[in-house]
Amino acid sequence: MTGLNTILILVGLFLAGGVYSFSKQGMPKGVIVLLGIGSVMCLVAGVMRIQGLWD
């Protein structure tokens, strides 16, 4: 696992926590959707790099 993989996964998890927190605070749905999309993209990119599917 390289540093970029770790960073992508950590950022994805951080954004996922932001989605949960913002939904509990009643933030606008657009912000929650954008954070959710960013979270999923970071997590998928990190996992794909670990699997060697995307170099």
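Tutor: Start with burial: of the 55 residues in the chain, 25% are buried. Keep in mind that this is a predicted model, where local features need pLDDT of at least 70, side-chain atom pairs count only at pLDDT 80 or more, and totals for chains, interfaces and linings use all residues. Residues are numbered from 1 along each chain as its sequence is written, and side-chain values use heavy atoms, with hydrogens and water left out.

Student: Why is N5 called buried?

Tutor: Buried means under 20% relative accessible area, exposed means over 50%, and partly exposed is in between (1.4 Å probe, protein chains only). N5 has 4% relative accessibility, so N5 counts as buried.

Student: And what does N5 touch?

Tutor: Contact means heavy atoms within 4.5 Å. Leaving aside neighbours within four places in sequence, N5 is in contact with G46, R49 and I50. Look at I50 and N5: they sit 45 residues apart in sequence, yet 6.6 Å apart in space, C-alpha to C-alpha.

Student: How do you know which helix each of those two is in?

Tutor: Helices are DSSP runs of H or I with at least four residues, strands are runs of E with at least two, and both are numbered from the N terminus. N5 lies in helix α1, residues 3-25, while I50 lies in helix α2. The chain has 2 helices and 0 strands.

Student: What makes S39 buried?

Tutor: Its relative accessible area is 4%, so S39 is buried. S39 is in helix α2, and beyond residues up to four places away in sequence, S39 touches G12, L15 and A16.

Student: How do you know that S39 and G12 make a polar contact?

Tutor: A polar contact is a pair of N or O atoms within 3.5 Å; within protein, one must be able to donate a hydrogen and the other to accept it, and residues adjacent in sequence count only if both atoms are side-chain atoms. Here a polar atom of the S39 side chain lies 2.8 Å from the backbone oxygen of G12.

Student: Why is F22 called partly exposed?

Tutor: F22 has a relative accessible area of 25%, so F22 is partly exposed. F22 belongs to helix α1, and the residues F22 touches, not counting those up to four places away in sequence, are M27, V31, I32 and L35.

Student: What makes V33, I37 and M41 a patch?

Tutor: Patches are made of residues with over 30% relative accessible area and no salt bridge; like charges are joined within 9 Å, and nonpolar side chains (Val, Leu, Ile, Met, Phe, Trp, Tyr) within 5 Å. A salt bridge is a side-chain nitrogen of Lys or Arg within 4 Å of a carboxyl oxygen of Asp or Glu. I37 has a relative accessible area of 44%, so I37 is partly exposed. Together, V33, I37 and M41 make a nonpolar surface patch of about 300 Å², with areas from the Shrake-Rupley method and a 1.4 Å probe; for residues, only the protein chains shown count as cover.

Student: Which residues does UniProt list as "transmembrane region"?

Tutor: An unreviewed UniProt entry lists residues 31-50. UniProt positions are in the numbering used here, feature names are shortened, and annotations may be inferred rather than shown by experiment. In the model, residues 31-50 are 100% helix and 0% strand.
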